[in-house]
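Here is a report on one protein model, for a reader meeting it now. Look over the sequence and the structure before reading on.

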Amino acid sequence: MTYGIGMMVWSPVSRSMTARNMLLIGLAGTGLGMMLQVFVQTYTQLVLLRLLIGFFDAGIFIGNMKLIFGWFPQSRRGSVVGIILAAYSLAITLDFALGIPLTIATGWRTFFAVLAVGTLIVAAINALVVRNSPREIGIVDFTWGNETPQKHLPLGEIFRSKWIAVGGFGIVACTFAIAGTATWVVPAFIAVQHMPPEAGAVIGTVMGLSQVLFLVIGGYMSDRLGKPFMIKLTAGLAFLTALMFLWSVVTPMPFGVLVLFAALSGVALLGGGAIFALLSEKYSDALAPAAIGYAEVFGILSAFVAPWMMGAIVNASSGAFTGAFVAFAVVELIIVGLLLILAREDVRQGAVVGSPAE
């Protein structure tokens with residue numbers, strides 16, 4: 001919840017604050033919040049700190065995007081953003097693969113302490129070495145061609161363009177698929193395919209590594225095949241992912257096939273890097289970080305809706321999973337239709353919102 005609120009707060013702030021300062025505040029706030037978690041005495045204290053951490057984590061994400069726009073040209077932003085998003089997925093995968101064994105062996109306070117120390121070290125590195133653009137290392141008047149001299153552009157310009165909706169629905173296609181599968185695929189395999197519960201760790205880890213792989217591959221593809229095409233392709237693949245897992249809850253399958261499905265599930269994120277790179281193309285660098293923050297709210301909402309909706313259907317059907325995965329597929333199909341309508345280039349495709357070039 002506070003990650004979403006943070007996006008709404010950090011987005012307008014990004015117009016005037018540098019990427020370095022956003023990252024420094026976000027990392028320091030997150031690291032200190034994690035360190036305080038080590039000493040909590042009640043569940044309420046832990047929840048309040050998690051809410052605080054979510055707010056600062058949003059600043060890290062937008063700061064990362066703004067830093068990329070300062071250091072990389074449009075022709076490489078898809079691949080770089082894909083790598084950044086893959087790092088997020090890798091971190092979540094390592095939380096399961098390494099964090100859970102560490103917690104079982106030493107306790108959850110130790111796990112939080114390790115995360116806190118690592119985050120604060122990154123904050124210190126950021127303070128020492130990060131520069132916002134090549135201009136800060138002596139390359140005077142350097143530009144990638146997407147900047148604007150206006151410092152306080154009206155945020156309303158973001159919502160007058162259809163590309164905020166394209167980015168938002170593109171994120172929904174990805175996060176709806178990932179949130180739905182991450183929550184319900186393992187329980188479905190256990191209930192329907194009679195998979196041993198302990199094998200759930202294998203499925204979860206494979207799904208996480210699949211996301212990392214396809215995010216990196218998709219980032220490079222988006223720089224070569226075009227961002228709108230990759231976003232539409234990814235929505236189509238997310239729909240096929242839903243059909244794939246629907247098949248898995250109606251047909252008996254060997255464990256090897258279930259692992260294969262987990263390994264393919266990351267295709268639902270293939271165009272993740274393309275989404276944010278597209279927004280950096282369609283908006284000037286002064287507005288693009290804010291546009292990304294507002295588009296991310298779409299994804300945050302879908303990350304709530306997907307598990308809840310599927311869980312409600314499972315509960316209403318007395319534990320059957322078929323209806324839940326049918327609903328998953330229907331939502332993804334609707335998003336495919338919306339993106340096919342919205343993500344079409346027009347005669348003004350070269351215009352940049354908030355730029356003198358417009």
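## Overall build

This is a predicted model. The protein has 13 helices and 0 strands.

How does the radius of gyration compare with that of a compact globule? For 358 residues, such a globule would come out near 21 Å. The protein has 21 Å, so the two agree. Along the principal axes, the C-alpha atoms fill a box of roughly 65 × 55 × 30 Å.

Of the 358 residues, 50% are buried. Take the contacts between residues at least 6 apart in sequence: 84% of them join residues at least 24 apart.

## A salt-bridge network

How many salt bridges does the structure hold? There are 2. One brings together the side chains of Lys227 and Asp223, with 3.3 Å from N to O. Both of these residues are buried. The other pairs Glu281 with Lys227, and here the closest N and O atoms are 3.2 Å apart.

Why does the pair of Glu281 and Lys227 tie together separate parts of the sequence? Glu281 sits in helix H11 (residues 272–282) and Lys227 in helix H9 (residues 227–248), so the link spans parts that are 54 residues apart in sequence. The two ends differ in cover. Lys227 has a relative accessible area of 4%, which is under 20%, so Lys227 is buried. Glu281 reaches 25%, so Glu281 counts as partly exposed. Through shared partners, the salt bridges join Asp223, Lys227 and Glu281 into one network.

Ser302 belongs to helix H12 (residues 288–316). Is Ser302 buried or exposed? Its relative accessibility is 5%, so Ser302 counts as buried. The side chain of Ser302 reaches the backbone oxygen of Gly299 at 2.8 Å. Beyond its neighbours within four places in sequence, Ser302 is in contact with Val172, Thr175, Phe176 and Pro307.

Leu98 and Val172 are 74 residues apart in sequence. In space, their C-alpha atoms are 29 Å apart.

## At the surface

Leu98 lies in helix H4 (residues 74–106). Its relative accessibility of 55% is over 50%, so Leu98 counts as exposed.

Which residues form a nonpolar patch on the surface? They are Val117, Ile121, Ile125, Leu128 and Val129. Together they have about 480 Å² of accessible area. Ile125, one of these residues, is part of helix H5 (residues 108–129). With a relative accessible area of 45%, Ile125 is partly exposed.

## Accessibility side by side

The table gathers the values for individual residues.

| Residue | Relative accessible area | Class |
|---|---|---|
| Lys227 | 4% | buried |
| Ser302 | 5% | buried |
| Glu281 | 25% | partly exposed |
| Ile125 | 45% | partly exposed |
| Leu98 | 55% | exposed |

Terms used
Residues numbered from 1 in each chain as written. Predicted model: local features only at pLDDT ≥ 70, side-chain atom pairs only at ≥ 80, totals over all residues. Heavy atoms only, no water. Patch = residues over 30% accessible without salt bridge, like charges linked within 9 Å, V, L, I, M, F, W, Y side chains within 5 Å. Areas by Shrake-Rupley, 256 points an atom, 1.4 Å probe, with all protein chains shown as cover. Salt bridge = Lys/Arg side-chain N within 4 Å of Asp/Glu carboxyl O. Helix = DSSP H or I, 4+ residues; strand = E, 2+ residues; numbered from the N terminus. Buried < 20%, exposed > 50% of the residue type's maximum accessible area, 1.4 Å probe, protein only. Rg over C-alpha atoms; globule rule 2.2 N^0.38 Å. Contact = heavy atoms within 4.5 Å. Polar contact = N/O pair within 3.5 Å; in protein donor to acceptor, adjacent residues only side chain to side chain.
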